[in-house]
Amino acid sequence: MTTLLDSFVRSHIPSSAEALRGEVKAFLRSWMADRPAHVRARSWSGFDAAFSRALGERGWIGLTLPRDHGGGGADAFTRFVLVEELLAAGAPVAAHWIADRQSAPLILHYGTEAQREHFLPRICKGEMYFCIGMSEPNAGSDLASVRTRAVRDGDDWLLSGQKIWTTYAHKSHYMIALVRTSGGPQDRQAGLSQFLVDLSLPGIDIRPIADLTGDAHFNEVFFDEVRLPADALVGTEGAGWAQVNAELAFERSGPERIYSSIVLLDAWVRHLANLPNAAEHEARLGLLLARMAVLRDMSIAVTARLAAGESPATEAALIKDLGTELEQDIPREIGEALAADPSAPPDEELLRTLAFVSQVNPAFSLRGGTREILRGMIARGLGLR
Amino acid sequence: MSNDLLEPFQRLLDDVSPPEAVRRTENEDGAPAIWAALRDSGFVDALVSEEHGGAGLSPAEMAPLLIAAGRHLLPLPFGETMAARAIAAGAGHRLEDAGPVLLWPLDREGRARSIVPPIRGGADLALVQQAGRATLRRVVAGGRDGFGFVTAALDTGSAPIASFELAEDSLLYWAAALTVAAMAGAMAGVLDMSIAYVNERQQFGRPLGKFQAIQQQISVMAERVAMASVAAQGVLARPLPGPAALDVAVAKPVIDAGASIVCAAGHAAFGAIGITAEHDLSLFTRRLKRGLLAFGGAQPWAKALGRARLAQAGGTSVDFIRALQHG
Ligand SMILES: Cc1cc2nc3c(=O)[nH]c(=O)nc-3n(C[C@H](O)[C@H](O)[C@H](O)COP(=O)(O)OP(=O)(O)OC[C@H]3O[C@@H](n4cnc5c(N)ncnc54)[C@H](O)[C@@H]3O)c2cc1C
């Protein structure tokens, strides 16, 4: 059989990791008690520094980072349990989310000892937030065509150019930016580097962009000869492309990609539970849950590979594509079911939640690499092209 | 999927059940030579406990083998026989005759639980269940169905051979679970064939696999195949007495949705050659399309899962899914 598929061996979350679940649930009960579903449905984009600090106090940010850098020293399964419960509850994870998922692992792998000592403990406390400066107006899927440039000036670097779609740049302390340090766009993957950009430096202009619901989470970020110290470079000069791909692999490998619509799903379940004709909707609900259950098993199978020290990038891309498809189908299915039954209208909260999720769901298969790009990666993993 | 048993089993299948052999027996009733090889391998008693003279393996340990049997289009009721022998042994009945056995779940009124009858596969016996009672009965050839397979019919004239109590619907869950595993294997077969073909067949001066539209289709197939494989492992994860209703309720809808996609994409990749009688593709897709019709299809299972969720609407869907899963 195709080797890619041989790697999906059903596995179990060990009881050592499950042990955390009850504690997380208890913590979330007190924090989430009176937040309405349409607020909880914003989970990924819910920015709440107080919540992030409270998580940090419990040691729940940087859970898999080494203890001597302020992390929890736990395995990938423990993180799976934590993230699963956070997302199921619709917790506002945005403030620390990128630092926890992407920036901290990147700094751990590629940073200097001094950078690790400076950044990792602050990230783990839930006090320092990061954003990702990859996309530019003319560099979306084709990330290698970035034009933002850093040039040497003595020991320093001068950074000029523009990033876009930078989630929570306006509330973050740092950006990890992918920029060109040598050559031109024709050199493609060569000559790119990553920098830790302190967003309080002079010469940086951050302008929020409203999304189609009116929420403002992403931004345009302009750099005008921003002076960066030598130690702003993270990893190796010119190795930015390889580093960015490793970073995106960290991003794709969690349980995050199946639960973006779960708050809506569970709000609908509560609506159905009070409906005399709920039986008409059981099959529709069951189909969604069956997919979710199997995707969860697939995610656990990949987590087992991570816990064993492997980096199953193609498998993670495959789950992400299936997962975002489910996340996108949930609002469509629920919308269809509710619309067909005007005699039993949903309450205001459910309708608002549906309106929100059904408007933002196209983003699920854009952020972190589009569906088409992921499928190209899978095809390559299968030996095509 | 690595497993100490899998490799020798796959070698055996390569040896005794290559596509040519399957093709030769496609419209016949059974394949005695293939069965003899399987019987001699000892695998038919894999699930029978050691105290009853079997290997005492779990359904989870056999899952990769059952998927592999589907991948190899094994034209015999191998998993069904394994399950029947283990169920009978558990009730104190040792089946002396090591021939193939079918599973035949009925509803309380005695009607079949599937619109497609079992393919006979050379079997003379079936384990039949109605309400809380299982009976070992004789079967005969029933005729050729629209897929070209020789089906089985219960021999109503003959007396039951053995009879024992069995938790209601156990056979239905087993039969559906084995269908899921065989379908997951057949889906993997379609993917493997398709990848090989698109890398080789050239149009417009390059292999089909260089075209992005084809790459995307193959990726979608791979996703569904991976999902099917995990669903099949899941439906066989519970130790004996075996699968529960909601295990099937998760797996069958997922397999059915994926199988339809894989059949369509596989046939699209092969073009006209895949439509020919002499091409192997239809050996796989025919079984998948028949599997879609078996044991209620997807809808009633999905409905059962939805109903179970609504019965405990309090927690999150994560809580619900976790409680479903074994282990
Ligand atoms: C909510 C949200 C948050 C985001 N946050 C961030 C962030 O924090 N930091 C950041 O750097 N970026 C962020 N992004 C940007 C995201 O990474 C990009 O949207 C994504 O990489 C796609 O780029 P693009 O939008 O320019 O689309 P394009 O690349 O222009 O693509 C448009 C369409 O063409 C398709 N396409 C492109 N190239 C190909 C190809 N070779 N083959 C086939 N189809 C192709 C794409 O799949 C897509 O369907 C965010 C996006 C969203 C929606």
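Predicted model: local features only at pLDDT ≥ 70, side-chain atom pairs only at ≥ 80, totals over all residues.
**The domains of chain A**

Begin by colouring chain A according to its domain assignment, which gives domain 1 (4-129), domain 2 (132-239) and domain 3 (243-381). With domains 1 and 2 of chain A selected, the centres of the two, taken over C-alpha atoms, are separated by 25 Å. Where they meet, 17 residues of domain 1 of chain A are in contact with 19 residues of domain 2 of chain A.

**The ligand**

Next, select the ligand and display the residues around it, of which there are 14, the closest being S135(A), S141(A), T370(A), E372(A) and Q212(B). Because residues from chains A and B surround the ligand, the site is shared between chains. Within chain A, domain 2 (132-239) and domain 3 (243-381) both give residues to the shell, so the ligand lies between these two domains. Sorted by class, the shell has six nonpolar residues, seven polar ones and one charged residue.

From chain B, the side chain of Q212(B) places an N or O atom 2.7 Å from a nitrogen atom of the ligand. Taken alone the ligand exposes 970 Å², and the protein buries 64% of that.

**R21(A)**

Now move to R21(A), which lies in helix 3 (residues 21-32) of chain A. With a relative accessible area of 3%, R21(A) is buried, because buried here means under 20%. Its side chain makes a polar contact of 2.7 Å with the side chain of E18(A). If neighbours within four places in sequence are left aside, R21(A) is in contact with I13(A), V81(A), E84(A), E85(A) and R296(A), and also with V318(B) and R322(B) of chain B.

**R286(B)**

Turn to chain B and select R286(B), found in helix 9 (residues 281-293). R286(B) is partly exposed, with a relative accessible area of 23%. Its contacts, apart from neighbours within four places in sequence, are with E26(B), F147(B) and F149(B).

**Backbone details in chain B**

The last selections concern the backbone, and the background to them is that most residues other than glycine have a negative phi, and most peptide bonds are trans.

Select A131(B), in the loop between strand 2 (125-130) and strand 3 (133-144) of chain B. A131(B) is not a glycine, yet its phi is positive, at about 50°. This residue is partly exposed, with a relative accessible area of 28%.

Go on to D169(B), in the loop between strand 5 (162-165) and helix 6 (170-200) of chain B. D169(B), likewise not a glycine, has a positive phi of about 70°, and with a relative accessible area of 18% D169(B) is buried.

Finish at P241(B), which is found in the loop between helix 7 (212-235) and helix 8 (245-270) of chain B.

Methods: Residues numbered from 1 in each chain as written. Chains lettered and ligands numbered in written order. Heavy atoms only, no water. Helix = DSSP H or I, 4+ residues; strand = E, 2+ residues; numbered from the N terminus. Buried < 20%, exposed > 50% of the residue type's maximum accessible area, 1.4 Å probe, protein only. Contact = heavy atoms within 4.5 Å. Near = heavy atom within 4 Å. Polar contact = N/O pair within 3.5 Å; in protein donor to acceptor, adjacent residues only side chain to side chain. Areas by Shrake-Rupley, 256 points an atom, 1.4 Å probe, with all protein chains shown as cover. Nonpolar A, V, L, I, M, F, W, Y, C, P; charged D, E, K, R; others polar. Domains from an automatic or database assignment.
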